[in-house]
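Please keep the sequence and the structure at hand while reading.

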Amino acid sequence: HLTGDIHAVTAANNLLAAQMDARIFHELTQKDGPLYDRLVPKVKGVRKFSSIQLRRLQKLGITKTDPDSLTDEERAKFARLNINTSKIMWNRVVDLNDRYLRKITIGQSPTEKGFTRETAFDISVASEIMAVLALGNDVDDMKQRLANMVVALDHEDQPITADDLGVTGALMVLLRDTFEPTLMQTLEGTPVLVHTGP
């Protein structure tokens, strides 16, 4: 398993895919009010936006910072990503070339209430997260690159990013140990620094 970087990239990539599918499911099965309440819950009677949610509000052109001051229309705009399931660009990944995973159908469990869709698996080392890891200059640059990854388009053909899904911080945690190169040795015993995938 070499440095463990590929495992971390696989976990981060699949977390993002799972979060996107969960968000699609919840948007399809909940009304605006309950959906908003789940995204911005009251903790000890107080409702607060997180920093990632404030970035989403800014992206939407909403300048309010008090969650209770948003209008019903603004709450719906904030809570609903309206992902177009026919324009999803983010696949799950696995660290091998498995031809039978090149096209799959997900969501067939009865708990998914009939919301199935076709998707596919890509190879972990060919993923965008591996590219971000390889190209990132530092932790802040990588965080920005992860946040800006486009996973799908909405029904108005606007890009939906990892930041819109609220998972940038979680991706950073999973990738934390991959940031630094790993000291290894060649078959001849020469020290070598190995970083990212092939």
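## Strands and the sheet

Two strands are taken to pair if DSSP finds at least two bridges between them, and the elements themselves are DSSP runs numbered from the N terminus, with helices (H or I) having at least four residues and strands (E) at least two. The model is a predicted one, in which local features need pLDDT of at least 70 and side-chain atom pairs count only at pLDDT 80 or more, while totals for chains, interfaces and linings use all residues. Residues are numbered from 1 along each chain as its sequence is written, and side-chain values use heavy atoms, with hydrogens and water left out.

Three strands make up an open sheet in the order β3-β8-β9, with antiparallel pairing. Because β3 (83-88) and β9 stand at the edges with a single partner strand each, one side of each has no neighbour in the sheet. Neighbouring strands of this sheet are turned against each other by 50 degrees on average, direction ignored; the axes behind such angles are lines fitted to C-alpha atoms (for helices over the stretch in contact), and angles run from 0 to 180 degrees between N-to-C directions. Strand β3 is joined to the antiparallel strand β8 (residues 150-154) by two bridges, and isoleucine 88 has alanine 152 as its bridge partner in β8.

## Salt bridges

A salt bridge is counted here when a side-chain nitrogen of Lys or Arg lies within 4 Å of a carboxyl oxygen of Asp or Glu, and by this rule there are 13 salt bridges. One of them joins aspartate 21 to arginine 117, with the closest N and O atoms 2.9 Å apart. This pair links distant parts of the chain, since aspartate 21 belongs to helix α1 (residues 5-29) and arginine 117 to strand β6 (residues 117-119), 96 residues apart. Both aspartate 21 and arginine 117 are buried, where buried means under 20% relative accessible area, exposed over 50% and partly exposed in between (1.4 Å probe, protein chains only). Asp21 and Arg117 also belong, together with Arg92, to a network of salt bridges.

Aspartate 164 forms a salt bridge with arginine 56 at 3.3 Å, N to O. Because aspartate 164 lies in the loop between β9 (159-161) and α7 (168-175) while arginine 56 lies in helix α3 (residues 51-60), this pair ties together parts that are 108 residues apart in sequence. Aspartate 164 also meets lysine 59 in a salt bridge at 2.5 Å, N to O; lysine 59 is likewise in helix α3, so this pair ties together parts 105 residues apart in sequence. Aspartate 164 is buried, at 7% relative accessible area, and arginine 56 is buried at 9%, whereas lysine 59 is partly exposed at 47%.

## Aromatic pairs

Rings of Phe, Tyr and Trp (its six-membered ring) pair if their centres lie within 6.5 Å, and planes under 30 degrees apart count as stacked, over 60 as edge-to-face and the rest as tilted; the count comes to three aromatic pairs. Phenylalanine 25 and phenylalanine 115 form an edge-to-face pair, 6.2 Å centre to centre with 80 degrees between the planes. Phenylalanine 25 is buried, with a relative accessible area of 16%, whereas phenylalanine 115 is partly exposed at 36%.

The ring centres of tyrosine 36 and phenylalanine 78 are 5.9 Å apart and their planes stand at 75 degrees, so this pair is edge-to-face. Tyrosine 36 and phenylalanine 78 are both buried, and Tyr36, Phe49 and Phe78 form one aromatic cluster.
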